[in-house]
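Please keep the sequence and the coordinates at hand while reading.

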Amino acid sequence: MKKRILSAALAAMMATAMLSGCGSSSSTASGTEETVETEGTADTQEEAAETEEGSEESSEYTLESGVLMVGMEIGYPPMEYFDEDGATPIGFDVEVATALAEVLGLELEIVDTAWDGIFAGVTTDKYDCIISSVSYTEERNNNYLLSSPYVANAPVIVVPNDSDIADIMDLEGKSVAVQMETTADYLIQEYIEEGLDTDLRQYEKVINAFDEIKAGRVEAVCTDSVVASYYLGDAASEYKTVWQSEEKEPIVICMKQGNEALYEKINEGMAELFENGTMAELAVKYFGTEDVIEGLAEGFTVE
């Protein structure tokens, strides 16, 4: 399912085109009107030429000229989720994608995609890039083009306040829920391979993991620090974060290999969002602090 976000500028262009069409049907009513229409047509042709030139440039790095198509799993608040109407994408990543498209001079189209197929989608050209809480890993870096980080993130463990779990090794003999095929999932699997005897429960959506801990069917949840408290909702005061990985897993934008033109444009655009204060504003809005983006602006250098 695709969700398209149209800017006011595009709406205005559509309205202008409609008005121009209406004017053309009656332009021969008088010589004066015909002269005005002729001038208007010349202007329109000039604008069309400029638009075509811009489209040719954008087509060098986007699948659809003038459009940035973004793959996103819309079910990971506060990063990306649907508004109360159940149809409008909102969240931190949504606003980042919107701002990025704007500075690149492109319209934004969000393609809602299940997480387990999201990387295959960018490889097979279903969208230009993924902006959906993608954590940096060496494996992903070897297989895709990853932008400079725009959020500092790390896996954490969430447990009820009365839990005796205080460290990841305390998951021995306990049950822990994760969203499948995420860095949290891979982390717990690594510990299991190293000898940790824990009952790993994998779920398609991270909200399912939190539903399980709230229902008392698992004893812990391992997830990203940027989303840990959100899913607890009104019950947040009944839970605590007891462990956080010392290894940061920064969040990046993912593109397929070979599209260096888009890679450079996205890094340039994100650098501008850091410089003009947009990223700081969004960090405070969604996380209550700029700490999650601290020091990341220096990483935006395009060779």
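How much space lies in the second largest cavity? In this predicted model, the second largest cavity holds about 50 Å³ of space.

## The two cavities

The structure holds two cavities of 30 Å³ or more. The second largest cavity is lined by Tyr76, Val178, Gln179, Thr182, Ala184, Val206, Cys222, Thr223 and Asp224, and by class this lining has five nonpolar, three polar and one charged residues. Strands E9 and E11 each supply at least two residues of that lining, with the largest share, three residues, coming from E11.

The largest cavity contains about 100 Å³ of space and has a lining of 13 residues, of which Tyr76, Trp115, Ser133, Thr182 and Asp224 lie nearest its centre. Its lining divides into three nonpolar, six polar and four charged residues, and strand E6 gives the most to it, with four residues.

## Strand E6 and its partners

Strand E6, residues 129-135, is mostly covered, seven of its seven residues being buried. E6 pairs with strand E2 (residues 67-72) in the parallel sense over two bridges, and here Val70 stands opposite Cys129 in E6. With strand E13 (residues 251-256), E6 pairs in the antiparallel sense over three bridges, and the bridge partner of Ser135 in E13 is Ile251.

## The largest pocket

The largest pocket holds about 570 Å³ of space. Its lining comprises 24 residues, of which Thr137, Thr183, Tyr186, Glu190 and Glu249 are the closest to its centre. The elements giving two or more residues to this lining are helix H4 (118-123), helix H5 (138-143) and helix H6 (183-193), and H6 provides the largest share, five residues. By class, the lining of the pocket divides into 10 nonpolar, five polar and nine charged residues.

Within H6, residues Thr183, Ala184, Asp185, Leu187 and Ile188 are buried. After H6 comes Gly195, whose phi is positive, near 120°.

Five strands form an open sheet in the order E10-E9-E11-E8-E12, with mixed pairing. Strand E10 (199-203) and strand E12 (239-244) stand at the edges with a single partner strand each, so that one side of each is left without a neighbour in the sheet. The twist from one strand to the next averages 30°. Inside this order, strand E9 (residues 175-179) and strand E11 (residues 220-224) pair in the parallel sense over two bridges, and Ala177 stands opposite Val221 in E11.

Helix H6 packs on the sheet, touching strand E8 (155-160), E9, E10, E11 and E12, and the direction of H6 makes about 160° with that of E10. Helix H7, residues 206-214, lies across E8, E9, E10, E11 and E12 and runs at about 150° to E11.

Leaving aside residues up to four places away in sequence, Ile168 touches Ile157, Leu187, Ile188, Tyr191, Leu196 and Trp243. Among these contacts, Ile157 is 11 residues away from Ile168 along the chain, and the C-alpha atoms of the two are separated by 7.3 Å. Two further contacts of Ile168, Leu187 and Ile188, are themselves buried residues of H6.

Definitions and conventions:
Residues numbered from 1 in each chain as written. Predicted model: local features only at pLDDT ≥ 70, side-chain atom pairs only at ≥ 80, totals over all residues. Heavy atoms only, no water. Buried < 20%, exposed > 50% of the residue type's maximum accessible area, 1.4 Å probe, protein only. Pairing = 2+ DSSP bridges. 1 Å grid on protein atoms, 1.4 Å probe; cavity = no way out; pocket = protein on both sides within 12 Å on 5 of 7 lines; lining within 4 Å. Points joined across faces, edges and corners; volume = space filled by probe spheres on them. Nonpolar A, V, L, I, M, F, W, Y, C, P; charged D, E, K, R; others polar. Axes fitted to C-alpha atoms, helices over the stretch in contact; angles between N-to-C directions. Contact = heavy atoms within 4.5 Å.
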